[in-house]
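The following note sets out some points to consider while examining the structure. Please read each one with the sequence and the model side by side.

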Amino acid sequence: MRIIVFFDLPVSTKKERYYATRFRHDLLNDGYYMMQFSVYSRMVKGLADAEKHIQRLHSLTPPSGSVRVLTVTEKQFADMFFLVGQPPQAEKIGTQQLLMF
């Protein structure tokens, strides 16, 4: 299963830039990788694990902006196709890690 986080955070003031940067770093520290600008993804073992990480995201989110979370199965994620470009190395590694479970 994958958790995909989409966000659009304001960066007009110094405080807003601080919150946006901290949120990005918190995502990276929690095992997410950047799929695209403002789109991060993470593999989880199942729905219970996904719920745990989503609750953690609640505590990390900044006070303003838009943060959305989508959970998809590995099959749904694998069915995604690219119109332009290639999957980043982190996605290829993530799928291989799943096979090790």
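**Notes on the predicted model**

1. Aromatic pairs. This is a predicted model, and it holds three aromatic pairs. In one of them, the ring centres of Phe7 and Phe23 are 5.1 Å apart and the ring planes stand at 90 degrees, so this pair is edge-to-face. Phe7 belongs to strand 1 (residues 2-8) and Phe23 to helix 1 (residues 14-29); the pair therefore ties together parts that are 16 residues apart in sequence. Together with Tyr40, Phe7 and Phe23 form one aromatic cluster.

2. Burial of the pair. Phe7 has a relative accessible area of 10%, so it counts as buried, the limit being under 20%. Phe23 is also buried, with a relative accessible area of 0%.

3. Surroundings of Phe7. When neighbours within four places in sequence are left aside, Phe7 is in contact with Phe23, Arg24, Leu27, Ser38, Tyr40, Ser66 and Val67. This list includes Tyr40, a member of the aromatic cluster, and Ser38, which is taken up in point 6.

4. Nonpolar cores. The largest nonpolar core has 13 residues, and those with the most contacts inside it are Ile3, Val5, Phe7, Phe23, Leu27, Tyr32 and Leu57. Strand 1, helix 1 and helix 2 (47-60) are the elements that give two or more residues to this core.

5. A charge over a ring. Arg2 lies over the face of the Phe77 ring, at 4.0 Å from the ring centre.

6. Ser38 and its backbone. Most residues other than glycine have a negative phi. Ser38 lies in the loop between strand 2 (33-36) and strand 3 (39-43). Is Ser38 buried or exposed? With a relative accessible area of 17%, Ser38 is buried.

7. His53. This residue lies in helix 2. Its relative accessible area is 3%, so His53 is buried. Not counting residues up to four places away in sequence, His53 touches Ile3, Asp30, Tyr32, Arg42 and Val44. Two of these, Ile3 and Tyr32, are listed among the residues with the most contacts inside the largest nonpolar core.

8. Empty space. Rolling a probe the size of a water molecule over the atoms shows where empty space is left. A search of the whole structure finds one cavity of 30 Å³ or more. The largest cavity has a volume of about 40 Å³. Which residues line the largest cavity? The lining is made up of Leu9, Pro10, Glu16, Tyr19, Ala20, Pro62 and Ser64.

9. The chain as a whole. The secondary structure of the protein chain comes to four helices and four strands. Along the sequence, these elements follow the pattern β-α-β-β-α-β-α-α. The protein chain has 101 residues, of which 31% count as buried. Among its contacts between residues at least 6 apart in sequence, 72% join residues at least 24 apart.

How values were computed. Residues are numbered from 1 along each chain as its sequence is written. This is a predicted model: local features need pLDDT of at least 70, side-chain atom pairs count only at pLDDT 80 or more; totals for chains, interfaces and linings use all residues. Side-chain values use heavy atoms; hydrogens and water are left out. Buried means under 20% relative accessible area, exposed over 50%, partly exposed in between (1.4 Å probe, protein chains only). Rings of Phe, Tyr and Trp (its six-membered ring) pair if their centres lie within 6.5 Å; planes under 30 degrees apart count as stacked, over 60 as edge-to-face and the rest as tilted. A charge sits over a ring if NZ of Lys or CZ of Arg is within 6 Å of the ring centre and within 35 degrees of the ring normal. A nonpolar core is a set of buried Ala, Val, Leu, Ile, Met, Phe, Trp, Tyr and Cys residues joined through side-chain atoms within 4.5 Å. Contact means heavy atoms within 4.5 Å. On a 1 Å grid over the protein atoms alone, a cavity is a set of points where a 1.4 Å probe fits but cannot get out, and a pocket is an open set with protein on both sides within 12 Å along at least five of seven lines; lining residues have an atom within 4 Å of a point. Grid points are joined across faces, edges and corners, and a volume is the space filled by probe spheres set on the points.
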